[in-house]
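Morning, everyone. Please look at the screen, and I will walk you through it.

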Amino acid sequence: MFKQVRKWFITRFWGHSQQRARLVSKDGRCNIEFGNVEAQSRLIFFVDIWTTVLDLKWRYKMTIFITAFLGSWFFFGLLWYAVAYIHKDLPEFHPPVNHTPCVEHINGLTSAFLFSLETQVTIGYGFRFVTEQCGTAIFLLIFQSILGVIINSFMCGAILAKISRPKKRAKTITFSKNAVISKRGGKLCLLIRVANLRKSLLIGSHIYGKLLRTTITPEGETIILDQININFVVDAGNENLFFISPLTIYHVIDHTSPFFHMAAETLPHQDFELVVFLDGTVESTSATCQVRTSYVPEEVLWGYRFAPIVSKTKEGKYRVDFHNFSKTVEVDTPHCAMCLYNEKDARAKMKRGYDNPNFILSEISETDDTKM
């Protein structure tokens, strides 16, 4: 009991002040900053304006949405006012009774703005309308109608695409808070639990991992965020997962694993970040999405396994208890992977040992050949 309280106290108060820097947060966001980017390179973002608008946050996107419509209405309102001013249709010019204006009932800037609004959004009140008196007004009407359709299609399409992005589907895929290391099938494994919170499947799911750490090459070069492949599997493989219930994926810690030379005492002092990826296709939209999370050494528990969460009800249904989703249970686990394999090798050698029936012990009498 005292050990658990001490562990909670250290994690709660000391751990927060000693948090490691993450490249990928627990919810999948990348913690990276680009510095000293040339101004010419920044212009490339405006070339791919569609992706730039989709990647914007909602507050910026809505600001652009409102500004685009209000700005275009006010801009064309000024043009309609200029047409009426040049053609002397305004009341301050005192036009004669038989005067035919370019646009009927434009009496000032406010009425010009209202006509611009009615034209672009095709409200069609009928009170203000263009006459055949001047070709400039007809050309401006055509130009505003075409540009209004373009603005409307782009902005409404961007809002719809933002809402329907598969990134939102990834929010319903959750990983366990911690990873655990324990024996599974007689092998030492690193285990992670992942669950799909929707009943709709992810088609063609594929799961894998990357271990990020700083390494020094034989030439003396320091590589920050060096990536090492980590293979995760379930009992049926790591591709085309039947992802209807929570799965426990595991990585076998063998001689090729970067965790092979780690032990229970040395693991918290290691400097690495384990990033786990899950790729799949959304069943309802056929759009691909990626879910990711990360684990630092303090979030990898040695000598634990996950508590069971799937049970069967009296009605014959399978029930998933997400209260125990990240709950762990302490189990007997070898001190290190090397200890487990050395123990297995010793047992295998004992099983392979046998007596040689052709071995004959012969006694050799010693003789003294020394002559005096």
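Predicted model: local features only at pLDDT ≥ 70, side-chain atom pairs only at ≥ 80, totals over all residues.

Two elements give two or more residues to the nonpolar patch: helix H3 (44-47) and helix H4 (49-55). Where does leucine 43 sit? Leucine 43 is in the loop between helix H2 (39-42) and H3. Its relative accessible area is 53%, so leucine 43 counts as exposed.

An unreviewed UniProt entry marks residues 64-86 and 137-161 as "transmembrane region". What does the model show over residues 64-86? That stretch is 100% helix and 0% strand, with its end C-alpha atoms 32 Å apart. Residues 137-161 are also 100% helix and 0% strand. Here the end C-alpha atoms are 35 Å apart.

Now the strands. A quick reminder: strands of a sheet pair through backbone hydrogen bonds, either parallel or antiparallel.

Look at strand S4, residues 202-216. S4 and S5 run antiparallel and are joined by 7 bridges. Threonine 215 stands opposite isoleucine 223 in S5. Leucine 211 faces isoleucine 228 in S5 as its opposite residue. The hairpin of S4 and S5 has 5 residues between the strands, and glycine 220 takes a positive phi near 90° in this hairpin. S4 also pairs with strand S7, residues 273-282, again antiparallel, through 9 bridges. In that pair, leucine 202 stands opposite valine 282 in S7.

Over to strand S2, residues 179-184. How does S2 run against strand S9, residues 300-302: parallel or antiparallel? They run parallel, with 3 bridges. Isoleucine 181 stands opposite tryptophan 302 in S9. S2 pairs with strand S3, residues 187-196, in the antiparallel sense over 5 bridges. Lysine 183 is opposite leucine 188 in S3. The hairpin of S2 and S3 has 2 residues between the strands, and glycine 185 takes a positive phi near 65° there.

Last topic: charges. How many salt bridges does the count give? It comes to 4. One of them joins glutamate 299 and arginine 22, with the closest N and O atoms 2.2 Å apart. This pair links distant parts of the chain, 277 residues apart. Glutamate 299 is in the loop between S8 and S9, and arginine 22 is in the loop between helix H1 (2-17) and H2. Both glutamate 299 and arginine 22 are buried.

Glutamate 299 also meets lysine 26 in a salt bridge, at 3.5 Å from N to O. Lysine 26 lies in the loop between H1 and H2, so this pair ties together parts that are 273 residues apart in sequence. Why does glutamate 299 count as buried? Because its relative accessibility is 16%, and buried means under 20%. Lysine 26, at 32%, counts as partly exposed. Arg22, Lys26 and Glu299 are linked in a network of salt bridges.

One more pair. Aspartate 27 forms a salt bridge with arginine 29, and the closest N and O atoms are 3.0 Å apart. Aspartate 27 is partly exposed at 43% relative accessible area, while arginine 29 is exposed at 57%.

Note on methods:
Residues numbered from 1 in each chain as written. Heavy atoms only, no water. UniProt positions renumbered as here; feature names shortened; annotations may be inferred. Helix = DSSP H or I, 4+ residues; strand = E, 2+ residues; numbered from the N terminus. Buried < 20%, exposed > 50% of the residue type's maximum accessible area, 1.4 Å probe, protein only. Pairing = 2+ DSSP bridges. Salt bridge = Lys/Arg side-chain N within 4 Å of Asp/Glu carboxyl O.
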